Structure formats: structure tokens, C-alpha cells
Amino acid sequence: KRFYSLKVAPKAPLSATAPKVKLSRESQDLEITKLPNGLVIASLENFSPTTRIGVFIKAGSRYETTSNLGTAHLLRLASNLTTKGASSFRITRGIEAVGGSLSVHATREKMAYSVECLRNYVDTVMEYLLNVTTAPEFRPWEVADLQAKLKVDKAVAFQNPQVGVLENLHAAAYKNALANPLYCPDYRVGKITSEQLHHFVQNNFTSSRMALVGIGIKHSTLKIIAEQFLNIRGGAGAPGAKAVYRGGEIRKQTGDSLVHAAIVTEGAAVGSPEANAFSVLQYVLGAGPLVKRGSRVTSKLIQGVAKATNHPFDVSAFNVNYSDSGLFGIYTIAQAPNAGEVIKAALNQVKAVAQGGVTDADVTTAKNQLKANFLMSVETSKGLLNEIGSESLVSGTHTSPSVAAQKIDSVATADVVNAAKKFMSGKKSMAATGNLGNTPFLDEL
Amino acid sequence: AGGGRIIDTIRKWYYNAAGFNKLGLMRDDTLHEDDDVKEALKRLPEHLYNERVFRIKRALDLSLKHQILPRSQWVKYEEDHHYLEPYLKEVIRERREREAWNKK
């Protein structure tokens, strides 16, 4: 018996007029409105089967004062506590029952509560999202039980040495606001009260500091929800202090054989003309590996430091933009005995760029890497929501990816050189962790 | 309204006949401590909890001496606050919600 056919399978005639199958309707354009009370609503109806909605609030750790440090961290963990409309149990079970998810993401400047679910269940999860952001109760016993989680959260985060270095870097670089740690300081664990949480929410969760963003939902629906439910607290709330850069250094001596060091100066604020130049400079210098286990040919920092030492190391440019300030510099990871050489070699590389040692080809490569990175980050609905939300909070408008790419292209090589000069001449801040015997101080660099 | 006043008189008589007010206790001090009451007690603000502990201690002391308080210190029906009631109601409501969800 044969298990194959001797006849050749007949070819189906290719019909040029066969109807093309469309997987989904074309996405509409992004719509953005600003209500009179300051709330920004943005929505992108892309007819996807899932909907993702986020409430972005200008309420990060920079709005804490020295008397209530750690409140933002606890608030981050408190998103599932009982609210006026639903108990904690109901929020958890209700969201799980429809297969949705509620998550909180907080930076120093903003908090983002986002829910994701199938389209049909948007009403259910929206109810919980609005409850959590506008009417939390912070019952004293629930808050007391939650404080133990602060320690766990902190321990998990600090497993990564970068987190500690960046906290120290911000504490060294700024006098206030942005110097506040993202994670609750140890002495405050167990001492944050329900009143402090309420106070923080009252002062910061106001309409003019919020943005409601939805992907996969109609603009009219979002607008009705925002007008009816997000009107609870009007006004601008308590104004945050303006971040004051001071330029200091914090060294943490531990027994680690790897030294993590970050050296920065004040960089560019979000949306300022130099912001793009600093971003391009970051990629000229090298901002993370593009090929796994590759040799990082395009990274000037890596190539420069590789000539100075043959021990394992890693170095990349560090760039972060806040609404009224920024930080730009280098981040090095080196073996403890030759940390000094690595740092000095990295700084020399930036000096070389500041003296004009960068070609147009380098700048074009960097621009392409930056554009690719940005465009890839907004391909996921999570990245896109974050991007739309952050921009709505800061400026109330939205820059389309093509316009953003154009702005990156318009950065000239001279701008990149100027950004590097700004770094070399600016007052520096430094944070270092590890076995610091061979790590130079700021005044030795 | 009229019926209410009669019921109220009966309530007052029963309260005084029960006698725990002569030991200086309030009604919520005498509740049997099942799981719901234990959870509600955990949620009491500190000052209310301390007052409750004091009253119970005083009552235990009087009971072992086979004495009662002088008449002027008896808890009056009008002053007896059901301090635990809101917390207890909330605990029971949450428990019922959990059971309803788990039955589905």
C-alpha cells in the first residue's frame, strides 16, 4: 500500500479578483481634547479587540516633602485597597473575573494607573479604575497591613545595583523634589499614615494634573466618563517645588567586586531644544547593546574604554529628562581594581566628542538608532499608552511618530558637539557603589 | 411614633434588668467574641480599644470582689454607645460579599 499519491496536486488557479481579507479595520487617528478644568483626554480608536485605558497624574515622588517621604511608594502599592464604591476584595475579584488587569507605574514625576481588558468589559474595569483614582478610602487597618509590602518591594528592586546607584545619583544631584527617593526610606516604613496618603491624593490628584488616555475606545465615550467622574477635585493642587540642581557626590562602600559609578551634569528638560541633541549624543556615545554579545562597534565609550583596560567592564551614556531639568552623563560598571581607569577613559571619550571628534556618519548612525528605539517602544499598546499619557501630561498635545522622527533628524552635528561641551563644562554629580578603593572622587577627575 | 415610645420603655427596662451596666460595661463590651467580632476589634481606633480594655478589667475586678459600682457610676441607657457596631457591620458585609462571590 502506498501512502503517497502519484498524481501531482492540482494547482488552484490564482484569481486576481479574489476578495482580499482585511484582518481589522484601519485604525483611526488619535484624538486629543483638553477640558476646561485642565483634564486632557486622548484616545486612539484602533478597533483592536482589547482596550487599554490609563489615568496619568502628575503625582510622583518629587511632590513629597521631607516630612512625608515614601508616601508615593506606598500609594503605588495601595492601588487595590478599598474604595468608596468597591471593597478591596471586590476590586481584585471583579477585575480578575473579566480577565482584565490593573497596574500602577510611577516615576519621579508621574503616576500612571492603567487597566487592560477585552472591549466588552470596559465598563466594569473603568468603574474600578475610577474608584481607585478618585475615591480611595485608605482604611487605617488596610494601610497598616500594607506597610510590610514596602520592605518586600524595596528588597526586590534593590537586587539590581543600578537602582541603588540611581537613587543616590538623584539625591546627590538635586537639593529637593527630584532628590526624593522613588522607594520609601527605611526609617519611614511602618510610619506612613492613612492621613498622609489622603493628603497626598487631595493635593496632587486634581483634574488639571490628570490625563485620561485610551487605546481601543471611542473618544466620545472617554469624554463622557471624564466629564462625569474625573471632576472630583478641581484646581491645580499643591504646586511642586522647582528642582534645584546642586552637583554633589555620594559614595556607598560595599564589598562588591564590581563598582557601579554614574557621573552626570544637568541635562535638558523634556521638550526643550537641547533634549533631542542630548538624546542623539547619548546614542553617539553608546546607549546599550544592539546585538547580543556583540562587540559594540558603534559605541564610542566602549571602544575608548576597551583600549584602556582588558578586564571586563560596561559603560553607556545616561540620559534622563524631567519636566524642568534633566541629567546627562555616563554610567560605568567596572572591576574594583581598575574602576579609575575605566571612568577616566570614558570621560576622555566624551571630551573627544566635545572637541569635535565626531563625524556626520556617527551622528547619522546614532540618529537612526534613536529613531528605531523610539519607534519600537511605541509599537506595543503599553508603550504607546505610556508615551501618549506622558506627553499629554506635560504639554496637552501629541507628537506623531513621524514628526518626532523629523525632529530627531533636524539635530545637527554641531548641536551634538555643543551638548558634549555642556557636559564637560557643567558642574558634575557622581554616585558610586562597590569596593571604592580605586574609584576617584569627583575632584580627581 | 407612639409605638416607638413603648418599645423604648421596654428596651430601657430590659437594659437595666440585664445588669451589666452596674459593672460599668457597655453593650458592645459583652458581645461574644466570634471571628467577626475579633476582626472588628482589630479595626477599632486605639482610644476606643483602650477604653474597652479598661472597662472589662474594672468589671472583672468588681466581679471577683462580688461588688458592683455605686449607682452614680452605672452606665445609663442613653449613654451606651454601640461603638463596635459600624466596624462589625462592615466586617459582616465583607464576609457576606466574599461568600456570595465564592458561591458563584
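**Domains, a helix pair and a pocket**

Modeller: In chain A, residues 191–370 are 39% helix and 22% strand, with the end C-alpha atoms 43 Å apart; this is a predicted model, where local features need pLDDT of at least 70, side-chain atom pairs count only at pLDDT 80 or more, and totals for chains, interfaces and linings use all residues. Residues are numbered from 1 along each chain as its sequence is written, and side-chain values use heavy atoms, with hydrogens and water left out.

Biologist: What does UniProt list for residues 191–370 of chain A?
Modeller: The unreviewed entry gives "domain: Peptidase M16 C-terminal" for that span, although such annotations may be inferred rather than shown by experiment.

Biologist: At what angle do α8 and α11 of chain A pack?
Modeller: Helix α8 (residues 273–285) and helix α11 (residues 360–377) of chain A, both DSSP runs of H or I with at least four residues, pack at about 110° with their axes 8 Å apart. That makes α8(A) roughly perpendicular to α11(A), a label that covers 65 to 115 degrees.

Biologist: Which residues of α8(A) make the contact?
Modeller: With contact meaning heavy atoms within 4.5 Å, they are A:S279, A:V280, A:Y283 and A:V284, and the α11(A) side includes A:V363, A:A366 and A:L370.

Biologist: Switching topic, what is the volume of the second largest pocket?
Modeller: The second largest pocket has a volume of about 290 Å³, and of its 21 lining residues the closest to its centre are A:R62, A:Y63, A:E64, A:T65 and A:N180. A pocket here is an open set of points on a 1 Å grid where a 1.4 Å probe fits, with protein on both sides within 12 Å along at least five of seven lines, and lining residues have an atom within 4 Å of a point.

Definitions and conventions
Chains are lettered from A and ligands numbered from 1 in the order in which they are written. Axes are lines fitted to C-alpha atoms, for helices over the stretch in contact, and angles run from 0 to 180 degrees between N-to-C directions. Helices (H or I, at least four residues) and strands (E, at least two) are DSSP runs, numbered from the N terminus. Angles under 35 degrees count as roughly parallel, over 145 as roughly antiparallel, 65 to 115 as roughly perpendicular and the rest as oblique. Grid points are joined across faces, edges and corners, and a volume is the space filled by probe spheres set on the points.
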